[in-house]
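Please look through the structure shown below together with its sequence.

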Amino acid sequence: MKSAKDKIDTIIRMLKRRYRKEMKTSLDHRNRWELLVATMLSAQSQDAQVNRVTPKLFGRYPNVTDYLKLKPSELYPYVRTLGLYRNKSKNIIRAARYVHEHFHDTLPRTIGQMVQLPGVGRKTANVVLANAFGVLEGIAIDTHCITTTNRLFLLHTRDAKKIEARLMEFVPKEEWGNITHLLIALGRDVCTAKKKYCSRCVLNSLCPSSEVKR
Ligand code: SF4
């Protein structure tokens with residue numbers, strides 16, 4: 001019988017073979033600040049929806065200093081098609097002021113500092129640290145990761161912190177940034193929250209929740 005470590009190594013290898021091109025954030029950005037803003041906007045919104053609004057937003061406000069004197073309502077015309085846009089606008093401006101006052105207009109590089117920014121939780125911090133700096137302090141867990149890990153590892157929790165801690169135990173550290181994107185790609189493709197398409201899934205021979213008879 002395979003150990004948990006062997007199993008995760010095999011899963012990562014198979015997912016990389018299938019989804020290698022998707023092993024980075026699909027949020028469009030040109031600098032680290034834009035990545036943070038796009039990630040904050042992506043909470044409870046699809047990346048594709050975010051990518052539709054950010055070209056105009058970033059065209060008008062590309063840098064952290066552009067946000068310092070804004071009122072949240074000035075961002076509304078750009079982001080109002082996204083859920084929670086009022087709250088997100090407020091938090092983005094507060095985060096810009098925090099970065100300006102505490103970090104000299106440069107994003108911090110540790111998770112402890114990153115989660116001090118208003119509106120930034122562990123998921124956003126992990127995404128930005130991994131994609132902008134290659135810093136791996138944790139594993140970003142989104143709804144796709146919750147769905148896929150529950151099925152793949154027979155977890156029974158939707159608590160992102162617990163899932164992150166569990167994955168950090170047995171996913172090799174060098175894969176902490178990649179595993180998020182691989183599980184998101186798997187979730188978008190065949191292991192969706194509403195329905196699983198196990199017959200098309202590359203993991204159907206080793207997944208305990210597979211509907212494919214072996
Ligand atoms: S085999 Fe089915 S349940 Fe398991 S990861 Fe693939 S799609 Fe999801």
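## Briefing on the predicted model

Ile92 counts as buried because it has 26 C-beta neighbours inside 10 Å, and a count of 20 or more is what the term buried requires. The model is a predicted one, and in it Ile92 belongs to helix H5. The protein as a whole has ten helices and zero strands, and 36% of its 214 residues count as buried.

- Once the neighbours within four places in sequence are left aside, the contacts of Ile92 are Val37, Met40, Tyr67 and Leu75.
- Ile92 and Phe103 are eleven residues apart along the chain, and their C-alpha atoms are separated by 15 Å.
- Lys88 also has its place in helix H5, and this residue is buried because 22 other C-beta atoms lie within 10 Å.
- Not counting residues up to four places away in sequence, Lys88 touches Met40, Leu41, Val79 and Leu82.
- Although Lys88 and Leu75 are 13 residues apart in sequence, the distance between them in space is 9.4 Å, taken from C-alpha to C-alpha.

**Helix H4 and its two sides**

- Helix H4, which covers residues 72–79, has Leu75, Tyr78 and Val79 as its buried residues.

**Helix H8 and its buried face**

- In helix H8, made of residues 143–152, the buried residues are His144, Cys145, Thr148, Thr149, Arg151 and Leu152.
- Viewed down the axis of H8, these buried residues fall within an arc of 165°, so they line one face of the helix.
- Packed against the buried residues of H8 are helix H1 (4–19), helix H9 (160–170) and helix H10 (176–189).
- After H8 comes Leu154, which has a positive phi, near 50°.

**Positive phi values in loops**

- As background for this topic, most residues other than glycine have a negative phi.
- Gln44, a residue other than glycine, has a positive phi near 55°, and its place is the loop between H2 and H3.
- Gln44 counts as exposed because it has 11 C-beta neighbours inside 10 Å, where the limit for an exposed residue is 12 or fewer.
- His104 is likewise a residue other than glycine with a positive phi, in this case near 50°, and it lies in the loop between H5 and helix H6 (111–114).
- His104 is exposed, since 8 other C-beta atoms lie within 10 Å of its own.

**The overall fold**

- Read from the N terminus on, the elements of the protein follow the order α-α-α-α-α-α-α-α-α-α.
- The radius of gyration of the protein is 18 Å, close to the 17 Å that the globule rule gives for 214 residues, so the protein is as compact as a globular protein of that length.
- The C-alpha trace of the protein spans about 60 × 30 × 30 Å along its principal axes.

**Two domains**

- The domain assignment divides the protein into domain 1, with residues 4–23 + 139–200, and domain 2, with residues 32–133.
- The C-alpha centres of domain 1 and domain 2 lie 25 Å apart, and seven residues of domain 1 are in contact with five residues of domain 2.
- The side of domain 1 that touches domain 2 is made up, by class, of four nonpolar, one polar and two charged residues.

**Around the ligand**

- The ligand is surrounded by 14 residues, of which the closest are Cys191, Cys198, Cys201, Cys207 and Ser210.
- Sorted by class, the residues of the shell around the ligand comprise eight nonpolar, four polar and two charged.

Definitions and conventions. Residues numbered from 1 in each chain as written. Predicted model: local features only at pLDDT ≥ 70, side-chain atom pairs only at ≥ 80, totals over all residues. Near = placed C-beta within 6 Å. Nonpolar A, V, L, I, M, F, W, Y, C, P; charged D, E, K, R; others polar. Helix = DSSP H or I, 4+ residues; strand = E, 2+ residues; numbered from the N terminus. Arc of directions from axis to C-beta. Contact = placed C-beta atoms within 7 Å. Rg over C-alpha atoms; globule rule 2.2 N^0.38 Å. Domains from an automatic or database assignment.
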